[in-house]
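Open your viewer and get ready to select residues as we go. At each stop you will hear what to click and what to look for.

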Amino acid sequence: MFSNVPTHLWRSYRWQIQNRIKDIEELRRYLKLTPEEEEGIRLTKGLYPLAITPYYLSLIDPEDPQDPIRLQAVPRKVEVDEDIQGRGEPDALREEGDIPGLTHRYPDRVLMTVTTFCAVYCRHCMRKRIFSEGERARTKEEIDRMLDYIKKHEEIRDVLISGGEPLSLGEDKIEYILRELRKIKHVEIVRFGTRLPVLAPQRFFEDRLLDILERYSPIWINTHFNHPKEITELSEEAVDRILRRGIPVNNQTVLLRGVNDEPEVMLELMRALLRIKVKPQYLFHCDPIKGAVHFRTSLDKGIEIMRYLRGRISGMGIPTYAVDLPGGKGKVPISPNYIVERKGNSFIFESYSGELVEYTIDEYP
Ligand SMILES: *Cc1c(COP(=O)(O)O)cnc(C)c1O
């Protein structure tokens, strides 16, 4: 698709961002759009905008209208179908609170959203509500208000920086946030929720960013691979460069209808993540977000996938399947039930292969 682009530009984050595909005419040059997509792009304009990096677009098989990358990146009319999207809410998880950009749900952890900008506007985004605000980074005053809150709340040990795409901020701004957070004694770890390893891995070919992340250790990265096709030489290189700086990379997948709701696809993804040394942390059930409701599967589908993974891949490759409760009540882990029957301390377990095994578990008297 972009075979004429010289390597030094293809490997440049700036080039990838500056050359994002943002309108229907441009996209038509690369894909034969379906009527559902044509109308989708028109109807979502200004509400759920379109932007795709050339790199991410190049992963799409143009012959396949159901390509998993395409489904995540190209708008469709169903995003504004009221019958379907009326079942969702813009902010189903009640992230918006008193301080703009700050969500303090669990006592020890806080979520900061620092920009509405993203490299690619994922069609399943849980923060689709902020797309229509345009591409805007938080001001220094807004950041300072969040920092002030964190300073005053000594129970906060873990700061999760997300967006939009937090690592799209300039290095100076990233360094400012990290330097100020490190001045707060009770903040132990900082996490970035970033999808750049997937959408524009070239960001991590820049030493200046990596130098900053390394300097303010311990920093963790949570990224968001959803499909084995997203694991490429370039995303692997990005992950490798991050890991070499002493920054662990964990993954949060979202279970998406049509994209990764086949047990085989999920198994392949988890295996590929382990190969590039990314730990699958969460498999999230898709939230009822207005504009993304059509990606939801049943809960049984997620349980079926979890059952399939067990026994087929190392425990390291098995994420925690979790549902985020509505109204901001937090995440709940979901697991297939392996205890079939119980009498006192005598259990009948179901093994990974489906065998029933009796086992009495007594405490030492
Ligand atoms: C998910 C989430 C966190 C982080 O939870 P972990 O289980 O530690 O990854 C923190 N705050 C909010 C608001 C969240 O939604």
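Start with the pairing between the two domains: the count between domain 1 and domain 2 is one salt bridge. Keep in mind throughout that this is a predicted model.

**Stop 1: the two domains**

Now look at where they meet. Four residues of domain 1 are in contact with four residues of domain 2. Between them the two domains bury about 350 Å², with 43% of that on carbon and sulfur atoms. On the domain 1 side, select R307, R310 and G311: these lose the most area to domain 2, together 95% of what that side buries.

E350 forms a salt bridge with R307, and their closest N and O atoms are 3.2 Å apart. Sorted by class, the side of domain 1 that touches domain 2 has one nonpolar, one polar and two charged residues.

**Stop 2: the cysteines**

How many disulfides does the structure hold? The search gives zero. Select C125 and C118 to see an example: the sulfur of C118 is the nearest cysteine sulfur to that of C125, yet it is 6.4 Å away. C125 is partly exposed, at 21% relative accessible area.

Then select C286. Is C286 buried or exposed? With a relative accessibility of 3%, C286 counts as buried.

**Stop 3: salt bridges elsewhere**

Zoom out again: a search of the whole structure finds 35 salt bridges. Here are some to visit.

- Select R109 and D108. They form a salt bridge, with the closest N and O atoms 3.0 Å apart. R109 is partly exposed at 29% relative accessibility, and D108 is partly exposed at 27%.
- Select R138 and E142. Their side chains meet in a salt bridge of 3.6 Å, N to O. R138 is buried at 15% relative accessible area, and E142 is buried at 18%.
- Select R203 and E206. Here the salt bridge is 2.5 Å, N to O. R203 is buried, with 2% relative accessible area, whereas E206 is partly exposed at 23%.

How values were computed
Residues are numbered from 1 along each chain as its sequence is written. This is a predicted model: local features need pLDDT of at least 70, side-chain atom pairs count only at pLDDT 80 or more; totals for chains, interfaces and linings use all residues. Side-chain values use heavy atoms; hydrogens and water are left out. Contact means heavy atoms within 4.5 Å. Buried area is the accessible area (1.4 Å probe) that two parts lose on being put together, summed over both. A salt bridge is a side-chain nitrogen of Lys or Arg within 4 Å of a carboxyl oxygen of Asp or Glu. Ala, Val, Leu, Ile, Met, Phe, Trp, Tyr, Cys and Pro count as nonpolar, Asp, Glu, Lys and Arg as charged, and the others, Gly among them, as polar. A disulfide is a pair of cysteine sulfur atoms within 2.5 Å. Buried means under 20% relative accessible area, exposed over 50%, partly exposed in between (1.4 Å probe, protein chains only).
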